[in-house]
Amino acid sequence: MSAVTVDRVPSAGEKRMPRPLSASRLAWMRERGMGATVLVSAISTAFGVALVTATAYIGHLFLMSPMYGSSDTLALVVTVLGMLLLAVAVYVAAIVTANTFSTIVAGRTRRIALMRLVGASARSQRSEIAGQGFVVGAIGAAIGLVLATVGAVVALPYLDRLLGVSSDYVVVRPELALPALAVIVTTWAAAWAGSRRVLTVTPLQALVGSVELTHEQVAKRSGRNVASITLGAIGVALLAGGLLLGLVTPLGVVVAFFGGLFSFTALTLAASAIMPPLLKVTGRMFGRSTTARLAAENALRYPERSSRMAIGVVMGVALVTMFAVAAESVKAMVAASSGGEPDVYFNQMMDSFSGVMMALVAVSAVIAAVGLVNLLTIGVVQRRRELGLLRALGLTSSQVRRMVLLEAAHITVTALVFGLALGVAYGWVAAQSTLGSVPIPPMWQAPTFVLPAVPLVPTLILVVATAVLTLVAAVVPTRLATKAAPVEALADHAPAPAERRE
């Protein structure tokens, strides 16, 4: 973001050169977090375009199949799953974007307070931030739309040859613009939601820098707690309703899907109360050294910051696990229905569908990973004075780096375990509510209960990916944590972290 600065007064005979207006208006684009938000919007749009194309392509193959071409149920299942997964992608991007802008606003406290001091209203400041969200969302959506469309046009002939079919499927369709429009709107809305703290900034806060709520302040937010409990109750009721409706029609998954959205939104709202205790338990696994204790205590001192980082990873892991468990449960159910050996053609189609969808769903985890790296980096930039104080008190550069690395490890390990548990539960609900009433070949008997099955390989991949994510997420922040000398970080004349451009 652009800082509140005072231009240097030109000396006698020196001509002052005005800065271009367009450059000054777009200076906020250089702020940490904005580039990552563009990346999230681009990935989300590309995800949506690829998902719309993949589901339509698979549905087209089903219609061409001599065995399943007349099955309206299968075509309905494919279409519904495509729509729901697109909604999930937009939802993931919205949560990550809202968390990013919440962190950015916390770092802009001094500038916002100064603007309030000179007469700017909180609403105008919030509208400015929402407008910035709209701009970065539009830029990212345009990039994602173009790249995904070109990629689909290039990949389709190879996919036809791989599957041994000639689909004649046309990729470029008007509906491909829908994911881009959805991402733009949700990015704007997420920026608006993430900037809600602007309304509480007072001119007195111009004396401080980045402000995060403490554990005591978070506990007093009764309105948010009531909202999370209410949404959680609605979500659980819808999940149960989806399970019951799934015994009659595959549309039960739609009801269960909204139950999942409501329940996970409740978890997101309550994350600042749920995640810190879990992070504290995880912190005990890393020993009792000074750096380990400091890393663990940071989660409790500022629960909002740590929960924003963790909830995105929880969401990505839960989503990937959910789809993996749902697909594995369906395959196990088909095998049980056929006496241990499923229909070969159905198994082939299911593996193809599962492989394509798993690759697409994994993009949501990438979005969440981008969010973690971005928030961890912004957090370190906003804590430069705190880190400088630690170094002035005797911590070495390696100890500071180790502390930041352990913070990332605490978050990713806790999010992995929590996400796996949620993913197994959501995956079973998805499989049961979708296929509880669908006749499965070769016996064509509608099952009444789907046993949850957890695939080993995807679970191991998630564990390895989590370890890699921890290392990657800590690379830039650990470098920034020791970049400035303690005297520079603690200098009274140094600008606040929110006003320092990296």
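Modeller: Helix axes are lines fitted to C-alpha atoms over the stretch in contact, and angles run from 0 to 180 degrees between N-to-C directions. The model is predicted, and local features need pLDDT of at least 70. Residues are numbered from 1 along each chain.

Colleague: What makes H9 and H10 roughly perpendicular to each other?

Modeller: Helix H9 (residues 252-269) and helix H10 (residues 271-283) pack at about 70 degrees, with axes 5 Å apart. Angles of 65 to 115 degrees count as roughly perpendicular, under 35 as roughly parallel, over 145 as roughly antiparallel and the rest as oblique. H9 and H10 are therefore roughly perpendicular.

Colleague: Which residues make that contact?

Modeller: Leu267, Thr268 and Leu269 of H9 and Ala271, Ser272 and Ile274 of H10 make the contact, where contact means heavy atoms within 4.5 Å.

Colleague: Why are H14 and H15 called oblique to each other?

Modeller: Helix H14 (residues 384-392) and helix H15 (residues 397-435) pack at about 135 degrees, with axes 10 Å apart. H14 and H15 are therefore oblique. Leu387, Leu390 and Arg391 in H14 meet Ser397, Val400 and Met403 in H15.

Colleague: Where does the kink in H5 lie?

Modeller: A kink of about 35 degrees lies at Ala155, shortly before Pro157; the bend is the angle between axes fitted to the seven residues ending there and the seven starting there.

Conventions: This is a predicted model: local features need pLDDT of at least 70, side-chain atom pairs count only at pLDDT 80 or more; totals for chains, interfaces and linings use all residues. Side-chain values use heavy atoms; hydrogens and water are left out. Helices (H or I, at least four residues) and strands (E, at least two) are DSSP runs, numbered from the N terminus.
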